[in-house]
Amino acid sequence: MNEKVQHKEELYRRLQQSRRFLREPIDAETKSRIAGLVTELEQQLAVAEARDASPIS
């Protein structure tokens with residue numbers, strides 16, 4: 001498995017885990033931090049997907 005695929009899989013895994021944490025009963029500050037992490041991970045995945053879709057890699 002190449003490095004790009006492993007990186008994307010790790011981002012997906014972390015995103016899924018973070019989304020699960022958001023469904024748990026947690027304090028507002030932690031929830032806010034995890035929501036920020038979800039946003040950051042989504043952006044990183046979007047960049048990775050766009051890079052993979054680009055004809056020039």
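**Exercises on a predicted model**

Lys8 lies in helix H1, which spans residues 3–23. The structure examined here is a predicted model.

**Exercise 1.** Determine whether Lys8 counts as buried or exposed.

*Solution.* Begin with the cut-off: a residue is buried when its relative accessible area is under 20%. Next, take the value for Lys8, which is 16% relative accessibility. Lys8 therefore counts as buried.

**Exercise 2.** Identify the residues that Lys8 contacts, leaving aside its neighbours within four places in sequence, and the side chain with which its own side chain makes a polar contact.

*Solution.* First, list the contacts of Lys8 with those neighbours set aside: Leu45, Ala48, Glu49 and Asp52. Then consider the side chains: that of Lys8 makes a polar contact with that of Asp52, at 2.8 Å.

**Exercise 3.** Name the residues of the largest nonpolar core and state which element gives the largest share.

*Solution.* The core has six residues, namely Leu11, Leu15, Ile34, Val38, Leu41 and Leu45. The elements giving two or more residues to this core are H1 and H2. H2 supplies the largest share, four residues. As a general rule, nonpolar side chains in soluble globular proteins tend to be buried together.

**Exercise 4.** Locate Arg51 and classify its accessibility.

*Solution.* Arg51 is found in helix H2, residues 28–53. Its relative accessibility is 44%, so Arg51 counts as partly exposed.

Notes: Residues are numbered from 1 along each chain as its sequence is written. This is a predicted model: local features need pLDDT of at least 70, side-chain atom pairs count only at pLDDT 80 or more; totals for chains, interfaces and linings use all residues. Side-chain values use heavy atoms; hydrogens and water are left out. Buried means under 20% relative accessible area, exposed over 50%, partly exposed in between (1.4 Å probe, protein chains only). A polar contact is a pair of N or O atoms within 3.5 Å; within protein, one must be able to donate a hydrogen and the other to accept it, and residues adjacent in sequence count only if both atoms are side-chain atoms. Contact means heavy atoms within 4.5 Å. A nonpolar core is a set of buried Ala, Val, Leu, Ile, Met, Phe, Trp, Tyr and Cys residues joined through side-chain atoms within 4.5 Å.
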